[in-house]
Amino acid sequence: MKRAGHLFAEKKGGKGKTVLLLGHLDTVLSGEKFRRENNIAYGTGTSDMKGGNVVLLYALKALNGADALKDANIIVFLTGDEENAAETD
């Protein structure tokens, strides 16, 4: 379907809290062709909701640093679905 894949990860910790973290992986490349000029990238999808994935990573790092993951049940799901998930090219 020419889509990004999905990533699903789970850590079972026992009786601790359960945390679900969701992110979005797709990059929409149906418009302007990708190009790079020095350190700047241009093109459709070059800034498509990737900040939330960075927040997800640093949330896990902060929880780990606070030793809050030991008994926690953590589920991470990063989906590669586009806005029109069932549409094919």
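Modeller: Accessible areas come from the Shrake-Rupley method with a 1.4 Å probe, and for residues only the protein chains shown count as cover. By that method the protein exposes about 6,700 Å², with carbon and sulfur atoms supplying 57% of it. This is a predicted model, where local features need pLDDT of at least 70, side-chain atom pairs count only at pLDDT 80 or more, and totals for chains, interfaces and linings use all residues. Residues are numbered from 1 along each chain as its sequence is written, and side-chain values use heavy atoms, with hydrogens and water left out.

Colleague: What makes up the largest nonpolar core?

Modeller: A nonpolar core is a set of buried Ala, Val, Leu, Ile, Met, Phe, Trp, Tyr and Cys residues joined through side-chain atoms within 4.5 Å. Buried means under 20% relative accessible area, exposed over 50%, partly exposed in between (1.4 Å probe, protein chains only). Leu-21, Leu-56, Leu-69, Ala-72, Ile-74, Val-76 and Leu-78 form this core of 7 residues. Strand β5 (residues 73–79) gives the largest share, 3 residues.

Colleague: Why is β5 called a strand?

Modeller: Because strands are DSSP runs of E, at least two residues, numbered from the N terminus; helices are runs of H or I, at least four. The protein has 1 helix and 5 strands, in the order β-β-β-β-α-β.

Colleague: Why is Arg-35 said to lie over the face of Tyr-42?

Modeller: A charge sits over a ring if NZ of Lys or CZ of Arg is within 6 Å of the ring centre and within 35 degrees of the ring normal. Arg-35 lies over the face of Tyr-42, at 4.4 Å from the ring centre, so the distance is within the 6 Å limit.
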